[in-house]
Amino acid sequence: MRKGVPKDPEIADLFYKDDPEEIFVGLHEIGHGSFGAVYFATNSHTNEVVAVKKMSYSGKQTNEKWQDIIKEVKFLQQLKHPNTIEYKGCYLKEHTAWVSGVVFRGSVCRRMHGSQASSTCSVFACSSIHPLLPILSFISRSFQIF
């Protein structure tokens, strides 16, 4: 088994075994946050332009970071909407998860900012908003305001 591949088969199935540095070429950073950096890149196998979010799970709070990555991957696998990214997969290398997806022209950022959408607009905004959805649902049901 390659170094960095989870031993739990259920968790290991969430990640591709290929080396992300061989797949994603021409990385160009478009944003950086507290949990990682987002890049535009080209998938060398498909020639698709993709967004790649690189998230480290080393250092302080390693276990919490790892659990957050697993939650994000599981969430993105289920996400199917025309205004979000199309999840393509996640790769592991040297304590870094590489989450990839195809960005559509009708993305959330474009809808929010019109034709002036900045390339630094968070490509993975959905995973940040996800924890708020149960709250909005509760408010909607309780107070019938949405």
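Is Lys 54 buried, partly exposed or exposed? I began with this residue. Lys 54 is partly exposed, at a relative accessible area of 23%. My scale: buried is under 20% relative accessible area, exposed is over 50%, partly exposed is in between (1.4 Å probe, protein chains only).

I noted the ground rules. This is a predicted model, where local features need pLDDT of at least 70, side-chain atom pairs count only at pLDDT 80 or more, and totals for chains, interfaces and linings use all residues. Residues are numbered from 1 along each chain as its sequence is written, and side-chain values use heavy atoms, without hydrogens and water.

**Lys 54.** I found Lys 54 in strand E3, residues 49–56. Strands (E, at least two residues) and helices (H or I, at least four) are DSSP runs, numbered from the N terminus. An unreviewed UniProt entry puts a "binding site" at Lys 54. UniProt positions follow the numbering used here, feature names are shortened, and annotations may be inferred rather than shown by experiment. I listed contacts (heavy atoms within 4.5 Å). Leaving out residues up to four places away in sequence, Lys 54 touches Leu 27, Phe 35, Gly 36, Ala 37, Tyr 39, Thr 96, Ala 97 and Trp 98.

**Two loops.** I looked up phi next. Most residues other than glycine have a negative phi. Gln 61 has a positive phi, near 55 degrees. Gln 61 sits in the loop between E3 and H3, and is exposed at 57% relative accessibility. His 95 also has a positive phi, near 60 degrees. I placed His 95 in the loop between strands E4 (86–93) and E5 (96–102). His 95 is partly exposed, at 42%.
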